[in-house]
There are 2 protein chains.
Amino acid sequence: MLYLIGLGLGDAKDITVKGLEVVRRCSRVYLEAYTSVLTVGKEALEEFYGRKLILADREEVEQEADNILKDADISDVAFLVVGDPFGATTHSDLVLRATKLGIPYRVIHNASIMNAVGCCGLQLYKFGEIVSIVFWTDTWRPESFFDKVKKNRQNGMHTLCLLDIKVKEQSLENLIKGRKIYEPPRYMNVNQAAQQLLEIVQNQRKRGEEPAITEETLCVGLARVGAEDQKIAAGTLQQMCTVDLGEPLHSLIITGGSLHPLEMEMLSLFSIPENS
Amino acid sequence: MLYLIGLGLGDAKDITVKGLEVVRRCSRVYLEAYTSVLTVGKEALEEFYGRKLILADREEVEQEADNILKDADISDVAFLVVGDPFGATTHSDLVLRATKLGIPYRVIHNASIMNAVGCCGLQLYKFGEIVSIVFWTDTWRPESFFDKVKKNRQNGMHTLCLLDIKVKEQSLENLIKGRKIYEPPRYMNVNQAAQQLLEIVQNQRKRGEEPAITEETLCVGLARVGAEDQKIAAGTLQQMCTVDLGEPLHSLIITGGSLHPLEMEMLSLFSIPENS
């Protein structure tokens with residue numbers, strides 16, 4: 001049996017009791033290591049689970065799925081995913097490959113950022129399409145995701161923005177030379193996301209368009225959701241450029257405009273002081 | 001401290017390790033008992049947690065929140081919610097009341113139906129606004145939610161339909177006479193939801209409108225997501241009227257039209273045989 005097990009969002013103890021029991025009895029346990037991170041590292045997980053974990057980066061999952069699935073028809077193999085196995089990144093590929101090999105699979109769900117953001121008080125019902133904001137480079141500054149923000153706003157829906165994670169990326173030079181040397185991991189924070197958004201707003205104004213959001217649009221920044229030291233800050237997009245939410249991971253919500261009074265009241269618990 | 005703890009979707013062991021530790025040390029443990037159900041009852045939870053649970057129905061949470069929060073400033077109180085505390089129903093009220101009383105709170109997240117539906121292979125990114133489908137009566141047959149389905153379809157987004165749950169409802173007679181006698185709980189199944197949807201489609205045709213979906217629209221029925229005996233069925237809306245998914249809880253997804261090849265391939269794992 002292949003088990004896809006969500007680890008939740010905080011630390012080692014956010015796994016479910018059911019998930020932990022499975023981890024402890026599987027013959028091999030893989031940890032998906034490219035789309036997200038917990039606030040603790042692999043070692044802390046290994047200590048708490050009492051099991052060695054095999055790191056599986058994107059290359060391995062895509063190219064060596066057969067290794068992961070080896071003998072899973074006669075023994076139990078676990079594949080651990082931060083958040084939920086079908087959250088921000090789906091693991092359909094692995095499931096489909098298992099099915100083709102006649103290997104049964106089970107999913108053990110957990111919280112994902114896509115439902116846990118509800119902790120800020122915005123109603124999950126009222127979220128529209130999710131967008132991803134990627135790190136801009138000098139030559140690649142995509143703005144196309146902004147259309148989705150616009151559509152959500154027009155429909156009165158909030159937009160959850162997932163912020164870029166660069167793990168195991170190679171510099172152009174190392175890539176060309178085929179050297180497997182990787183850059184340190186980078187995680188986009190709320191400030192960077194807000195600054196990129198503001199630049200898009202300014203670009204649209206320059207082109208004579210009316211942007212769907214402005215410096216004054218109400219946003220919510222979230223950091224380390226589910227961890228003990230999680231931080232939530234509600235304020236304008238302008239304020240999001242400077243608010244300090246600390247360590248990764250960060251997410252940003254652009255509100256949909258009209259809020260329910262309960263949403264307003266909840267957000268007021270997290271509002272950034274005027275003169276900060 | 002007030003702890004809001006998600007129980008996940010399946011059975012007693014879907015609580016997180018962190019959640020279980022908190023439950024075992026709290027002075028009082030409430031179980032929210034009106035918006036959802038696990039596949040096991042209160043007794044199974046009590047046995048596994050080793051704690052007595054106090055059932056809190058909607059009346060109590062709304063009218064007697066102060067009882068729930070009593071002494072939570074000097075001791076720990078847990079409030080257990082099926083799924084995630086900020087999932088389909090948010091518990092903002094309780095959080096706000098706690099905050100006003102100076103009681104700190106923490107959320108221990110878990111899977112909710114809103115992210116766990118990803119197990120069918122449809123990408124969570126591409127879900128639009130969630131709708132609720134309520135039991136129609138002879139005199140109350142609301143169709144307004146259908147506008148949201150239409151808007152989602154126009155934007156190529158899937159629609160998750162949460163299906164009605166009637167728990168602790170009184171008959172009109174008992175309500176008028178003030179008798180606290182409650183009807184047996186009722187849970188809408190996928191067949192009933194699909195039939196109501198088809199009736200709306202037919203009503204729109206009668207009025208000369210072109211409905212946003214038809215008998216042939218691809219839908220996904222899900223039952224007991226996260227439980228060992230979960231069932232998923234992909235087929236037309238017409239097929240959803242007769243497919244047998246067994247016991248509650250059920251949910252229904254109306255797909256957004258164009259699907260990613262991976263979504264199609266995943267759904268094919270669950271497709272209803274042609275001649276059934």
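**Exercise 1.** Decide whether Lys18(A) is buried or exposed.

Solution. The relative accessible area of Lys18(A) is 10%. Buried means under 20% relative accessible area, exposed over 50%, and partly exposed in between (1.4 Å probe, protein chains only). Lys18(A) is therefore buried.

The model is predicted: local features need pLDDT of at least 70, side-chain atom pairs count only at pLDDT 80 or more, and totals for chains, interfaces and linings use all residues. Residues are numbered from 1 along each chain as its sequence is written, chains are lettered from A and ligands numbered from 1 in the order in which they are written, and side-chain values use heavy atoms, without hydrogens and water.

**Exercise 2.** Find where the salt-bridge partner of Lys18(A) lies.

Solution. A salt bridge is a side-chain nitrogen of Lys or Arg within 4 Å of a carboxyl oxygen of Asp or Glu. Lys18(A) forms one with Asp14(B), at 2.9 Å from N to O. The pair crosses between chains: Lys18(A) is in helix α1 (residues 17-25) of chain A, and Asp14(B) is in the loop between β1 (2-6) and α1 (17-25) of chain B. Helices (H or I, at least four residues) and strands (E, at least two) are DSSP runs, numbered from the N terminus. Asp14(B) is buried, at 6% relative accessibility.

**Exercise 3.** Explain why the pair Lys100(B) and Glu265(A) joins two chains.

Solution. The side chains of Lys100(B) and Glu265(A) meet in a salt bridge of 2.9 Å, N to O. Lys100(B) lies in helix α5 (residues 92-100) of chain B and Glu265(A) in helix α11 (residues 261-268) of chain A, so the pair joins two chains. Lys100(B) is exposed at 63%, while Glu265(A) is partly exposed at 31%.
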